[in-house]
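Subject: Structure handover

Hello,

Here is the structure for you to take over. My notes on what was found in it follow below.

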Amino acid sequence: MKVLMLSWEYPPNIVGGLGQHVYDLSRFMARLGVEVHVITPRIEGIPDNDHLNGVYIHRAGNPSNRQQNFKAWTFYFNGDAIRQAVALVSNSESFDVIHAHDWLAAYAGRALSSVYEIPLVSTIHATEHGRNRGLYNRTQHEINEIERNLAAEASHVICCSRFMKNEIIRQFGLSAEGISVIPNGVDLDQLQDVPYQPGIIIPEGVWPVVFLGRLVPEKGVDCLIRAFSRLSADYTCLRLYVCGKGPERDRLEKLGQELGIGEKIEFTGFIERTDRNYLYSRACIAVFPSIYEPFGIVALEAMAAGTPVIASDTGGLAEIIENRQNGLLFPPGDDKSLAAAIAELLDDPDQTDGMRFKAKNRVREEYDWTCLASATLNVYKKAQFKPGSGYLDGEQ
């Protein structure tokens, strides 16, 4: 089977979980014997065409980080992706399935599927409505409509959690039969100890509490900072490491200063794998306080690394974590409850060790990429024999 994937993120351009997902899925699909081609934006200094980990990578258009108008850039990238795909087909490449990831690749996926009559599979990683907890302006409504059309015209839709499946059915009117839940996975080899090149250094005697993710409102980092301020006087060795980049950074740094704990918070920016593994190996707790979270790859990675996890009881996080079994859950946005959960793990090392053990086992048993890639391959086979449109009968 030959598959064409369309994604606006692919290493080394990683913005959020989508890029890591496409990277892992594509290379594990290649291990199953699938010929995978990925079209993704051009990156300065990186070859336009490459063959890495068994995956054929084609970079087109302009780098996304150089565009001030992101919406306009998205349309240009889709046009460039279509031209790249046409060139591949002209050079005797033919594809059995097109797989478009999220709305940023929707136009290219829909157009190529229609013109070449190739089944379209779409993965909806998140929705505009969910990210913003509603639709409040013209751009958000436009993105919501793009998502709706992508889901409706696909032969099959993939999402990462039951939470997302219900959201897609509710928001876009799709039938449950047209949606498959295939969770994100973890490559355990990527979490093994690697030679550490100092980037982040945690001093001896410091108890690190770690957050990894994009600094955007839906990740709830302000709740974590407020919870941390409740604990800093009683737990003087605690330090908070906020790892990631995003538009919320300045506001979050200011919040820490206002609460009088600015010197106890380190904003690291985006971190590479070696720093991530080092932080997980040293952290006493990893916290993921999202308000909206379709899945939560970073929480899964922390569990796989053996780091005790606390997360908000919402979305896909609530499906990964069983409260007081393999982690702790708290009500989203409740900084008092989060502070109590952190203190509970700090004060009860026996409970913490038990959760850590169960978490690692669950990741090994349920979130292995080989199995998840095989499940995706089954969706591709199903899509080859099913026409597009996931609308319920009678809906338009």
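Two strands are taken as paired if DSSP finds at least two bridges between them. The model is a predicted one, and on that definition of pairing eight of its strands make an open sheet with mixed pairing, in the order 3-4-2-1-5-6-7-8. The edges of this sheet are strand 3 (49–52) and strand 8; each has a single partner strand, so one side of each is left without a neighbour in the sheet. From one strand to the next the twist averages 20°.

Asp50 has Ile57 of strand 4 as its bridge partner.

Two helices on the sheet may be of use for orientation. Helix 1 (residues 17–31) lies across strand 1 (2–6), strand 2 (35–41), strand 4 and strand 5 (97–101), and its direction is at about 160° to strand 5. Helix 6 (residues 162–172) also packs on the sheet, where it touches strand 7 (156–159) and strand 8, making about 165° with the direction of strand 8.

Helix 3 (residues 106–116) has these buried residues: Ala106, Ala108, Gly109, Arg110, Leu112 and Ser113. Among the elements that cover them are strand 1, helix 2 (70–90), strand 5, strand 6 (120–123) and helix 5 (138–153). After helix 3 comes Glu117, which has a positive phi, near 55°.

Strand 12 (residues 285–288) pairs with strand 9 in the parallel sense over two bridges, and Val209 stands opposite Ile285 of strand 12. Strand 12 also runs parallel to strand 13 (residues 309–312), with three bridges joining them; here Ala286 stands opposite Val309. Together with helix 10 (residues 297–304), strands 12 and 13 make a right-handed β-α-β unit.

In a regular strand, side chains alternate between the two faces of the sheet. Are the faces of strand 12 covered or open? Both are covered: Ile285 and Val287 are buried on one side, and Ala286 and Phe288 are buried on the other.

The loop between strand 8 (179–181) and strand 9 (207–212) contains Ile200. With a relative accessible area of 5%, Ile200 falls under the 20% limit and is therefore buried. Leaving aside residues up to four places away in sequence, Ile200 touches Tyr241, Thr268, Ile271, Asp275, Tyr278 and Leu279. For scale, the C-alpha atoms of Ile200 and Gly17 are 22 Å apart in space, and the two residues are 183 apart in sequence.

On to the rings. How many aromatic pairs does a search of the whole structure find? The search finds 10. One of them is Trp8 with Phe70, an edge-to-face pair at 5.3 Å centre to centre and 70° between the planes. Trp8 is in the loop between strand 1 and helix 1, whereas Phe70 is in helix 2, so this pair ties together parts that are 62 residues apart in sequence. Trp8 counts as buried at 11% relative accessibility, while Phe70, at 31%, is partly exposed.

Trp8 also pairs with Trp73. Why is this pair edge-to-face? The planes stand at 65°, over the 60 degrees that edge-to-face requires, and the ring centres are 6.3 Å apart, within the 6.5 Å limit for a pair. This pair, too, links distant parts of the chain, since Trp8 is in the loop between strand 1 and helix 1 and Trp73 is in helix 2, 65 residues apart. Trp73 is buried, with a relative accessible area of 2%. Ring pairs link Trp8, Phe70, Trp73 and Phe77 into a cluster.

Finally, two charges over rings. The charged end of Arg31 sits over the ring of Phe28, 4.2 Å from the centre of that ring. Lys245 lies over the face of Phe270, with 5.9 Å to the ring centre.

Regards

Technical notes
Residues numbered from 1 in each chain as written. Predicted model: local features only at pLDDT ≥ 70, side-chain atom pairs only at ≥ 80, totals over all residues. Heavy atoms only, no water. Helix = DSSP H or I, 4+ residues; strand = E, 2+ residues; numbered from the N terminus. Buried < 20%, exposed > 50% of the residue type's maximum accessible area, 1.4 Å probe, protein only. Contact = heavy atoms within 4.5 Å. Axes fitted to C-alpha atoms, helices over the stretch in contact; angles between N-to-C directions. Right-handed = clockwise from strand over helix to strand, strands pointing away. Phe/Tyr/Trp six-rings, centres within 6.5 Å; stacked < 30°, edge-to-face > 60°. Lys NZ or Arg CZ within 6 Å of the ring centre and 35° of its normal.
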